[in-house]
Amino acid sequence: MKKIFSGLLICLIMMNCSKKENTNLNTPYVISKKDILTNISNKPRDKNIPPPPPIPGWLAYGTNTFIIDTDSKIYYFQRNKIGRICINGRFDTIPYFIDLQPKDLIEIPNNAISDFVKLNYKDDFRNLTFISSKLDTLKSENYFVLVKAIESSLKENDFYFIRRTTQEEDTVLKYKKNNISYYSEEIKWDKNRITFPFIKPILKPQQTP
C-alpha cells in the first residue's frame with residue numbers, strides 16, 4: 001500500500017512540474033511592463049545593471065520585422081543587412097520613415113510560421129529582429145510559435161526585441177488589409193511618432209544677366 005501511495009505521489013509531483021513548465025513557457029508578454037530593449041526570453045534583468053540606451057530611430061525595424069495583428073495573424077517584411085551597432089551619445093528614438101509599402105508585407109500562414117522563420121534567417125550577416133504589435137499583451141498561440149522559432153534560429157550576435165507597432169506599420173498594414181491604394185504623401189503623419197529624412201533641396205543654377 002505504501003509503495004502504491006508513493007507511486008501516486010511521484011506521479012502527481014511530475015504532473016505538477018510539467019504544468020508549471022508549460023505555464024512558464026507560454027507566459028503572456030506585456031509590452032508596457034518590459035524595457036524596449038529587453039530580450040524577450042522573459043529572464044529578469046539585474047537591477048544593478050542600468051538599462052540599455054534607447055534604440056535609435058533608424059534601427060526601429062532591424063533586418064527582420066514581424067507584425068502581430070489584432071487578430072493574431074502575422075505579417076513580415078525584411079530590410080537590408082545592418083552592420084555592427086556603436087552607441088555614441090544620444091539618439092533620436094522616434095522611428096524614421098522607411099517608405100514601407102503594402103506589397104512589402106507578407107502574410108504568414110498560421111501553419112507555416114516556424115518554417116518561414118528558418119527560411120528567412122540569414123547565415124551571412126547579423127540578424128536584428130523585431131516583433132511588433134498593436135496589442136499590449138501578447139498571448140496567442142501564433143506569438144509563442146514565433147518566439148520559439150526565432151530562438152531556435154538565433155546565432156551568435158543575433159538579437160531580437162519586442163515593441164509596439166510604429167505609425168508607419170499600422171498605416172501600411174491597414175491599407176494592405178483593405179486592399180486600398182496607398183500613397184504615403186497623402187497620409188496625415190503624426191510628427192511626434194515619425195521622423196522624415198532631411199532632403200537637401202536642389203538649387204537652381206543662377207542665370208547670368
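**Figure 1. The whole chain, before we zoom in.** "Buried" here means under 20% relative accessible area, "exposed" means over 50%, and "partly exposed" covers what's in between (1.4 Å probe, protein chains only). Of the 209 residues of the protein, 35% come out as buried. Keep in mind that this is a predicted model: local features need pLDDT of at least 70 and side-chain atom pairs count only at pLDDT 80 or more, while totals for chains, interfaces and linings use all residues. Residue numbers start from 1 along each chain as its sequence is written, and side-chain values use heavy atoms, with hydrogens and water left out. The protein has four helices and seven strands, with helices (H or I, at least four residues) and strands (E, at least two) taken as DSSP runs and numbered from the N terminus. Read from the N terminus, the elements go α-β-β-β-β-α-β-β-α-β-α. With a contact meaning heavy atoms within 4.5 Å, residues 24 or more positions apart make up 76% of the contacts that have a separation of 6 or more.

Figure 2. Strands count as paired if DSSP finds at least two bridges between them. By that rule, five strands make an open sheet with mixed pairing, in the order E4-E3-E2-E5-E7. At the edges sit strand E4 (106-108) and strand E7 (159-164), each pairing on one side only. On average, neighbouring strands of this sheet are turned by 25 degrees against each other, direction ignored. For angles in general, the axes are lines fitted to C-alpha atoms (for helices, over the stretch in contact), and values run from 0 to 180 degrees between N-to-C directions.

**Figure 3. Strand E5 and its two partners.** Strand E2 (residues 64-68) and strand E5 (residues 128-133) run parallel and are joined by five bridges. Asparagine 64 faces threonine 129 in E5, and isoleucine 68 stands opposite serine 133. E5 and E7 also run parallel, joined by six bridges, with serine 132 standing opposite arginine 163 in E7. How much of E5 is buried? Six of its six residues are, so E5 is largely enclosed by the rest of the structure. Leu128, Phe130 and Ser132 point one way from the strand, and Thr129, Ile131 and Ser133 point the other way.

Figure 4. Serine 133 is found in strand E5 and counts as buried because its relative accessibility is 0%. Its polar contacts are pairs of N or O atoms within 3.5 Å; within protein, one atom must be able to donate a hydrogen and the other to accept it, and residues adjacent in sequence count only if both atoms are side-chain atoms. The serine 133 side chain reaches the backbone oxygen of isoleucine 68 at 3.3 Å. A polar atom of that side chain also lies 3.0 Å from the backbone nitrogen of leucine 135. Leaving out residues up to four places away in sequence, serine 133 touches Ile31, Ile68, Leu138, Arg163, Arg164 and Thr165.

**Figure 5. Inside the largest nonpolar core.** A nonpolar core is a set of buried Ala, Val, Leu, Ile, Met, Phe, Trp, Tyr and Cys residues joined through side-chain atoms within 4.5 Å. The largest one has 21 residues, and Phe66, Tyr143, Leu146 and Ile150 have the most contacts inside it. Elements giving two or more residues to this core are E2, E3, H2, helix H3 (141-153) and E7; H3 gives the most, with six. Leucine 146 touches Phe66, Ile68, Ile74, Ile113, Val117 and Ile131, not counting residues up to four places away in sequence. Another core, of 14 residues, lies apart from it and includes Ala60, Tyr61, Phe77 and Phe97.

**Figure 6. Rings next to rings.** Rings of Phe, Tyr and Trp (its six-membered ring) pair if their centres lie within 6.5 Å; planes under 30 degrees apart are stacked, over 60 edge-to-face, and the rest tilted. That gives 10 aromatic pairs. In one of them, phenylalanine 159 and phenylalanine 161 are stacked, at 6.2 Å centre to centre with 5 degrees between the planes. Phenylalanine 159 is partly exposed at 33% relative accessible area, whereas phenylalanine 161 is buried at 11%. Elsewhere, Phe66, Tyr76 and Phe116 make up one aromatic cluster.
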